[in-house]
Amino acid sequence: MTDATITDRDHDAGFGDYFALLKPRVMSLVVFTALVGLLVAPVGVHPMVGFAAILFIAVGAGASGALNMWWDADIDAVMRRTSKRPVPSGRVTGEEALAIGLALSGFSIVMLALATNIAAAGLLAFTIFFYAVVYTMWLKRWTPQNIVIGGAAGAFPPMIGWVAATGSVSVEAVLMFALILMWTPPHFWALALFMRSDYDDAGVPMLTVTHGRPATRRHILGYTVLLAPVSLGLAFTPIGGPVYLVVALVLNAWFLKGAVAIWRRDEGMAEADKYRAEKDFFRFSLYYLFLHFGALLIDHTLLMTGVI
Amino acid sequence: MTIKATHELHQRRLSRNVGLAIVLVGFAAVVFGLTIAKIQTGAPMQAFDHAVRPELTETGQ
């Protein structure tokens with residue numbers, strides 16, 4: 001036995017390290033949006049089938065997270081926010097992350113097909129491919145618009161949930177997809193503004209690095225303006241309702257106000273109050289998405305119980 | 001000779017083994033639950049297996 005193997009054993013991973021490969025925090029958003037997509041669909045599913053569908057969508061999302069951590073270990077090691085992830089910290093090897101990612105991808109796709117239908121499984125397969133290959137391997141290190149297109153991967157779960165229930169894509173599913181797609185750029189660029197040195201050090205072409213911070217502020221405002229009609233449009237589809245309409249109006253007004261505030265500031269003002277507006281905007285963006293989907297669920301419940 | 005001393009790494013291995021056991025038992029439970037749910041909602045109970053099964057065709061002939 002060589003010294004190297006002894007050192008490796010010292011870094012034996014616990015179960016939690018493997019679980020961390022699946023990006024549990026991202027998964028919580030995936031579970032919630034996929035669940036709403038599945039529940040608001042006009043076709044009811046057996047609770048056990050619904051539970052299994054959400055579980056396998058979550059496992060598929062986790063698998064793409066593991067593949068991302070395998071490919072991006074070099075970037076993750078440099079950035080403060082991600083340096084404690086299992087692969088850069090040495091608790092799990094890159095090969096293990098790759099093996100787990102590939103195995104869970106195949107597993108989740110097959111199981112989703114068996115539990116629901118082929119269309120939903122095909123969408124899940126495409127989502128994993130899109131996140132692991134198109135975003136992680138290709139766009140992330142190549143274009144400052146990486147976030148915009150990569151956001152599509154995060155936008156698929158409610159559509160997969162919808163298709164798991166109905167078997168096909170419709171306008172409601174497309175708008176739920178578009179809502180997350182348009183929400184991702186302002187959400188991430190606000191983060192990039194106040195996590196300033198991280199992306200610079202890692203050499204990832206974030207908009208803040210390639211086009212400068214004032215351009216990033218303009219982009220945040222632009223995407224927030226484009227997001228509003230998508231959000232409000234969903235209110236006038238069959239899955240929208242009065243609760244959703246009110247929530248969407250309030251949230252979009254607030255979000256636009258924050259985006260305008262960010263747009264009007266320069267770096268001097270931002271540094272003076274330690275990026276307060278940017279941090280507030282980022283935190284609010286999380287509520288923005290959760291409350292939109294929560295409102296859809298409330299309207300669906302009201303409809304089912306005959307209140308509206 | 002048996003080794004009695006436990007190292008911190010044994011705890012991590014235990015957590016891995018117990019975690020995997022829970023995942024496998026959970027998976028078996030999910031598949032069983034799915035089977036029950038599918039049969040309750042009237043999914044076909046047999047599949048094509050290289051023999052002619054008239055009851056599996058749309059018209060039943």
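Visitor: What should I know about numbering and confidence before I start?
Guide: Residues are numbered from 1 along each chain as its sequence is written, while chains are lettered from A and ligands numbered from 1 in the order in which they are written. This is a predicted model, where local features need pLDDT of at least 70, side-chain atom pairs count only at pLDDT 80 or more, and totals for chains, interfaces and linings use all residues.

Visitor: What are the ipTM and pTM of the complex?
Guide: The predictor gives an ipTM of 0.80 and a pTM of 0.88. Confidence also comes per residue: pLDDT runs from 0 to 100. In chain B the mean pLDDT is 83, and 90% of the residues reach 70 or more.

Visitor: How many helices and strands does chain A have?
Guide: Helices and strands are DSSP runs, numbered from the N terminus; a helix is H or I with at least four residues, a strand is E with at least two. Chain A comes to 15 helices and zero strands.

Visitor: How does the radius of gyration of chain A agree with a compact globule?
Guide: The radius is taken over C-alpha atoms, and the globule rule is 2.2 Å times the number of residues to the power 0.38. For 308 residues, a compact globule would have a value near 19 Å; chain A has 20 Å, which agrees. The C-alpha trace of chain A spans about 70 × 55 × 30 Å along its principal axes.

Visitor: And what of chain B: how many helices does it have?
Guide: Chain B has one helix and zero strands. Its radius of gyration is 23 Å, well over the 10 Å from the globule rule for 61 residues, so chain B is more spread out than a compact globule. Its C-alpha trace spans about 70 × 25 × 15 Å along the principal axes.

Visitor: Where can I see that spread in the helix?
Guide: Take B:Lys38, in helix H1 (residues 8-40) of chain B. B:Lys38 and B:Leu9 are 29 residues apart along the chain, and 43 Å separate their C-alpha atoms.

Visitor: What share of each chain is buried?
Guide: Count the other C-beta atoms within 10 Å of a residue's own, with C-beta atoms placed from the backbone: 20 or more is buried, 12 or fewer is exposed, and in between is partly exposed. Buried residues make up 49% of the 308 in chain A. In chain B, 2% of the 61 residues count as buried. B:Lys38 is partly exposed, with 17 other C-beta atoms within 10 Å.

Visitor: How many residues does each chain give to the contact between them?
Guide: Two residues are in contact if their C-beta atoms, placed from the backbone, lie within 7 Å. Chain B gives 11 residues and chain A gives 13. The chain B side divides into four nonpolar, four polar and three charged. Here Ala, Val, Leu, Ile, Met, Phe, Trp, Tyr, Cys and Pro count as nonpolar, Asp, Glu, Lys and Arg as charged, and the others, Gly among them, as polar.

Visitor: Which domains divide chain A?
Guide: Domain bounds come from an automatic or database domain assignment. Chain A has domain 1 (1-168) and domain 2 (170-308). Their centres, taken over C-alpha atoms, are separated by 23 Å. Domain 1 of chain A gives 29 residues to the contact, and domain 2 of chain A gives 27. On the domain 1 side, H8(A) gives the most, with 12 residues. That side divides into 18 nonpolar, seven polar and four charged.

Visitor: Which residues of chain A have a positive phi without being glycine?
Guide: Most residues other than glycine have a negative phi. A:Lys23 has a positive phi of about 50 degrees, and A:Lys274 has one near 55 degrees. A:Lys23 is in the loop between helix H2 (15-21) and H3 of chain A. A:Lys274 is in the loop between helix H14 (267-272) and helix H15 (276-304) of chain A.

Visitor: Are these two lysines buried or exposed?
Guide: A:Lys23 is partly exposed, with 19 other C-beta atoms within 10 Å. A:Lys274 is exposed, with 9.

Methods:
pLDDT is the predictor's confidence in each residue, from 0 to 100.
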